[in-house]
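Let's take a walk through a protein together, one region at a time. Keep the sequence and the 3D view open as you read.

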Amino acid sequence: MIESSALRSIFGLAIGAILVGCGGQSRLVAPLPPSGFPLQSQLQMDALPARIKHVVIIVQENRTPDYLFHGLRGADIAKTGVDSRGQTVPLQPVSLAAGYDLPHGHGAFVTDYDNGKLDGFDKGFPWSKRMRPFGYAPMSEARPYHEMATQYVFADHMFQSNEGPSFPAHLYLISGRATDPSLRPYIVSANPQDSIYHGNPNGCDSYKTSYVQTIDPRDGSAGPTPFPCFDPPVLSDLLEAKGTSWAFYQQGGGPGLWHPYDAVRHVRFGDDFRDIYWPSKRVLRDVAAGKLAGVTWVMPADTWADHAGRHSTTMGPSWVAAIVNAVGESKYWESTAIFVTWDDWGGWYDHVKPPIDNHYELGFRVPLIVISPYARRGYVSKRQHEFGSILAFTEEAFGILKGSLGSTDQRADDLRDAFDFTRPPRKFVQIKAPPFVAVENQHSADEDP
């Protein structure tokens, strides 16, 4: 075990710990930033084989396994749902480009979840639209995702860490939390708002009149409404300390619901912001040029997102396939693990009851595909995963102790069941998909009605 004095010199830690209540239980964790990291002598090291030198995290938008993986063999996927009258209704084919969005803020989660009955998805809809949440993607549109899942690993018990929309979900995907010491015990529970200006008030570059709702995870009560700029420890801090390169690809500069690093003060106003790149399609050029970072997050553009709404398209699967194929056909394939996940459930029906940890964690299932030359072939993982599982795997892959963020990476598993490192790397087989054409619209996604 590494001596804590050495770790303090690496991470600038001050010795000490605080008790934090979570879900009615207390556990010992170390201080959050500015020092930010738990004492690593408290954690257990179980390093992965040194074959993974690149992790790519592709984040899509707003779908559930029941919607996107209808008919996937071996997966826990429903063909029917339960409506608010308690009646069983068949899921119907609904295009990725259906043109309407569904409520998926925290209030919508509470309604859909309905104290564990999972029968509230159609509550509040007019009679003519009540079946909208009970959909699944036609195979003609979702086939590239199914091909990835059947060639590699599909996790059918992957849950979003939060019970809410994109802004906090994306913070969880880089930090394992949506809070910081100035806000605790409250957690960001919504997308930011601005009472005066329009646009995207979603980070440190927001108008000064912007604010965001928070929640007390202990009892579900509303918390303060701070400016949406925070300072949690983030995975990139740990990577920097290990000398590992990282990159975050997003559609543009400035605030955005899918731009979490813009909401992290020490990154947005520090030297690390040089590792934020846009537009997101640049990742394809960088991989081809031999410039893949050690850890890479990739966000979509609105046009290539699976987000539902009046400007939705069917381009999402082609976009993801283009990234996977670019990496798979590059020199990086034999040293890479790719995780494809979705940031929240988007209001679509899902029949699996989430394993609630507190009044804001965990949320509904989201899909997760694990792609790697070491991923098990055609394997459906039945273990419980969450966003923190991706963080935990990445920590271990780069020699960082699991749980070093002191957040959901502590409680989450590390996705090790998805891999078999005893076998040699297998050759990449191209994912078949319609050609990806980077034609962008000028609209923002219709987030969280």
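Is Cys 229 buried or exposed? Cys 229 counts as buried, at 8% relative accessibility. Here buried means under 20% relative accessible area, exposed means over 50%, and partly exposed lies in between, with a 1.4 Å probe and protein chains only. Before going on, note that this is a predicted model, in which local features need pLDDT of at least 70, side-chain atom pairs count only at pLDDT 80 or more, and totals for chains, interfaces and linings use all residues. Residues are numbered from 1 along each chain as its sequence is written, and side-chain values use heavy atoms, with hydrogens and water left out.

Back to that cysteine. Cys 229 forms a disulfide with Cys 204, the sulfur atoms being 1.9 Å apart; a disulfide is a pair of cysteine sulfur atoms within 2.5 Å. The count by this rule is one disulfide. Cys 204 lies in the loop between strand E11 (193–194) and strand E12 (210–211), and Cys 229 in the loop between E13 and helix H6 (235–241), so the link ties together parts that are 25 residues apart in sequence. The names of these elements follow DSSP: helices are H or I runs of at least four residues, strands are E runs of at least two, and both are numbered from the N terminus. Cys 204 is buried too, with a relative accessible area of 5%. The link of Cys 204 and Cys 229 is right-handed, with 85° about the S-S bond.

Next, find the sheet. It is an open sheet of eight strands with mixed pairing, in the order E15-E14-E16-E3-E17-E18-E8-E19. Its edge strands are E15 (276–277) and E19 (379–381), each of which pairs on one side only. Two strands pair if DSSP finds at least two bridges between them. Look at E3 (residues 54–60), where seven of its seven residues are buried. In a regular strand the side chains alternate between the two faces of the sheet. You can follow this in E3: His 54, Val 56, Ile 58 and Gln 60 point one way, while Val 55, Ile 57 and Val 59 point the other way.

What are the partners of E3? E3 pairs with E17 in the parallel sense over seven bridges, and with E16 (residues 295–298), also parallel, over four bridges. Val 55 shows both sides: its bridge partner in E17 is Ala 337, and in E16 Val 55 stands opposite Val 295.

Now turn to helix H3. Its buried residues are His 106, Ala 108, Phe 109, Asp 112 and Tyr 113. Seen down the axis of H3, they fall within an arc of 155°, so they line one face of the helix; the arc is that of the directions from the helix axis to the C-beta atoms. An α-helix has 3.6 residues a turn, so residues three or four places apart point the same way. Just after H3, Asp 114 takes a positive phi of about 45°.

Phe 109 leads us to the aromatic rings. The whole structure holds 29 aromatic pairs. Rings of Phe, Tyr and Trp (its six-membered ring) pair if their centres lie within 6.5 Å; planes under 30 degrees apart count as stacked, over 60 as edge-to-face and the rest as tilted. Phe 109 and Trp 345 have ring centres 6.1 Å apart and planes at 85°, so the pair is edge-to-face. Phe 109 lies in H3 (residues 106–113) and Trp 345 in the loop between E17 (336–342) and E18 (368–371), so the pair ties together parts that are 236 residues apart in sequence. Trp 345 is buried, with a relative accessible area of 0%. Trp 345 also forms a tilted pair with Phe 364, 5.4 Å centre to centre and 50° between the planes. Phe 109, Trp 345 and Phe 364 are among the members of one aromatic cluster, which also includes Tyr 113 and Phe 121.
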